[in-house]
Amino acid sequence: MKHKEVAKRIAAALGPDNLVAAAHCATRLRLVLKDTSKIDQVALDDDDDLKGTFEANGQYQIIVGPGDVNMVYKELVAITGVGEVSKDELKEVANTETNPVMKLIKVLSDIFVPLIPALVAGGLLMALNNVLTGAGLFGPQSVVEMFPGIKGFAEIVNLMASAPFAFLPILIGFSATKRFGGNPYLGAAAGMMLVMPSLVNGYGVAEALATNKMPYWDVFGFQIAQAGYQGQVLPVIGVAYILATLEKFFHKHLKNAVDFTFTPMLAVIITGFVTFAIVGPALRAVSNGMTDGLVWLVNSLGGFGYGIFGAIYSAIVLTGLHQSFPAIETTLLADIAKTGGSFIFPIASAANVAQGAACFAIFLITKNQKQKALASSSAFSAMLGITEPAMFGVNLKLKFPFFIGLAASGFGAAFMGFMGVRSASLGPAGIIGFIAINPKSIPMFMIGLVISIAIAFTATFFYGRKQLEFAADAPVTNTTAQEINETPTPEGVTNEEIYAPVQGQLVKLSDTKDPVFSSGLMGKGTAIEPTVGELYAPVTGVLTFTNESKHAYGIQTDAGAEVLLHIGIDTVQMNGEGFTTAVKQGQIVKKGELLGTFDIEKIKAAGYATTVMVIITNTLSYAEVEAIDEQTVTVGQKIIALTETTK
């Protein structure tokens, strides 16, 4: 790669004076731009030296690859004159450039994303409980009524399913206080205050007020309602913000032992009184008003409301506004007797499968091998509810599959709306989302998905076949024409094997939470959830790449395989804290040699995933890159087989 030439092409594609700040990690440039609409996206997409682009957290990211990204970064900084910044400084710049609405969405995302595993676990258990206790699913009686012996099992499942939602304020209090820079355990304590058994249960507050049965505290003549906040979201976020702000204030003005002793007490007691007297009731009213308004809108418009929402849902995903939906969904589900469940989930499912079906149609009709490889994995993940790889990697670049997907999801969602489909819990918003739907509505939910899939796939296939044929006939460069119209035929094969660099549980690369890796933009490979924080060389070769944050390594074998090892997701933000390295760039490492260590608990405490990615970055050089099935592996066990094309 000619790094200076690549940097010049990137600078030209970004537009003059459009780059505000720049940084890089192990594989990609991280940029803050004044106006992303000025980017020549086609030029970046067609650049053979670049592996893809996407936007996240206010940053425009260009995937260059390990070993090259740092050189391209230096040239780009020199060409544009933009000063070098750290990853943390870049985040601050990105936040400054983000409008207030997007900042709010980012805050909600930061609060709820860590809670998703607990909410999904509770949601799926709730779905299981619905299957066991719902009448009409397998007959006129519920499963529990037909088989009374499993009644106790169903009751335990119901208890476990209800726990995350009954004590939701504690979970939100912990996560939100951490997000606002306070002690998360104090946040959990504040959440506990809001769901104490001595308070009127949050679901019964409205009735207690209406019937004048609400008990009050008399505090210096002020009457404060003894109301609980079960199932509430906004009041708890408000409490967390106040608590974190007070804690930081007292830490700043109190010193040493006084600070250690009195800051927690002062922060909690002031927050508690302000919450029960003012903030809690006010934000409860706002929260209930928002939920009631959405429920009224959907109930009033019925299927038409579903259809409109479905037709714009994927567009909302592009803006990031969908990150605020968990706050609404949890409120809808927490008071399911009143709301009937979540209408957002079935709409999201229709939108996701529509984008997946459109992407799969592209997989079948495209002759571009790079596009075909990306479409195959992206379509599958979209069907399971992860649409970013399909949308950003395939559909948006071609434009017409994305818009066809919007229309298709509108029709599928509208059908669900007319049939009254709602979810009884959270779950995977895709083809297996039926487990979260009210049992009686599962058939209608599946028909709605079939409508979305059929329209999206059929329209994209027949319209896209003509579009891509026209594009293939248009004048292109020799390299592009060869890539589009030729499929390499190997004359013979040689095999190379890649071994596990860590001990842990193998997972599919497509199931990881980083779209760059899960979509295959960096190449094919596999991933491991580590149980021991030691990283060993998976092959013998030259260490072509290391970085200051010690979370990524590149090795090239004598046979030519380029192997990227990446510890965790976004762990570059830790700036090397919790990581050590035992090797230097340029040295030869032996298979099984210790490369470095990483503190699993410290990574988790910082809020990052610990997944170790093993990527073959020169995947296109091989006829096949085959990862073994999911299983527990030890260091040195074979995990990837390479079939190399020979000429």
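A salt bridge is a side-chain nitrogen of Lys or Arg within 4 Å of a carboxyl oxygen of Asp or Glu. Keep that in mind as you look around this structure, which is a predicted model. Searching the whole structure turns up 4 salt bridges. One to look at joins the side chains of aspartate 47 and arginine 9, with 2.7 Å from N to O. Arginine 9 sits in helix H1 (residues 3-14), while aspartate 47 is in the loop between helix H2 (41-45) and strand E3 (52-56), so this pair ties together parts that are 38 residues apart in sequence.

Now let's move on to a pair of helices. Two packed helices are described by the angle between their axes and the distance between the axes. For helix H8 (residues 151-166) and helix H9 (residues 168-179), the angle is about 50 degrees and the axes are 5 Å apart. That makes H8 oblique to H9. Which residues do the meeting? From H8 you have Pro164, Phe165 and Ala166, and they meet Leu168, Pro169 and Leu171 in H9. Sort this contact by class and you get 6 nonpolar residues, no polar ones and no charged ones.

Trp296, Leu297, Leu301, Phe304, Ile308, Ile312, Phe418 and Met419 make a nonpolar surface patch of about 860 Å². Where do they come from? Helix H13 (256-301) and helix H14 (303-319) each supply at least two residues of the patch. Leucine 297, for instance, is found in helix H13.

Technical notes. Residues are numbered from 1 along each chain as its sequence is written. This is a predicted model: local features need pLDDT of at least 70, side-chain atom pairs count only at pLDDT 80 or more; totals for chains, interfaces and linings use all residues. Side-chain values use heavy atoms; hydrogens and water are left out. Axes are lines fitted to C-alpha atoms, for helices over the stretch in contact, and angles run from 0 to 180 degrees between N-to-C directions. Helices (H or I, at least four residues) and strands (E, at least two) are DSSP runs, numbered from the N terminus. Angles under 35 degrees count as roughly parallel, over 145 as roughly antiparallel, 65 to 115 as roughly perpendicular and the rest as oblique. Contact means heavy atoms within 4.5 Å. Ala, Val, Leu, Ile, Met, Phe, Trp, Tyr, Cys and Pro count as nonpolar, Asp, Glu, Lys and Arg as charged, and the others, Gly among them, as polar. Patches are made of residues with over 30% relative accessible area and no salt bridge: like charges are joined within 9 Å, nonpolar side chains (Val, Leu, Ile, Met, Phe, Trp, Tyr) within 5 Å. Accessible areas come from the Shrake-Rupley method with a 1.4 Å probe; for residues, only the protein chains shown count as cover.
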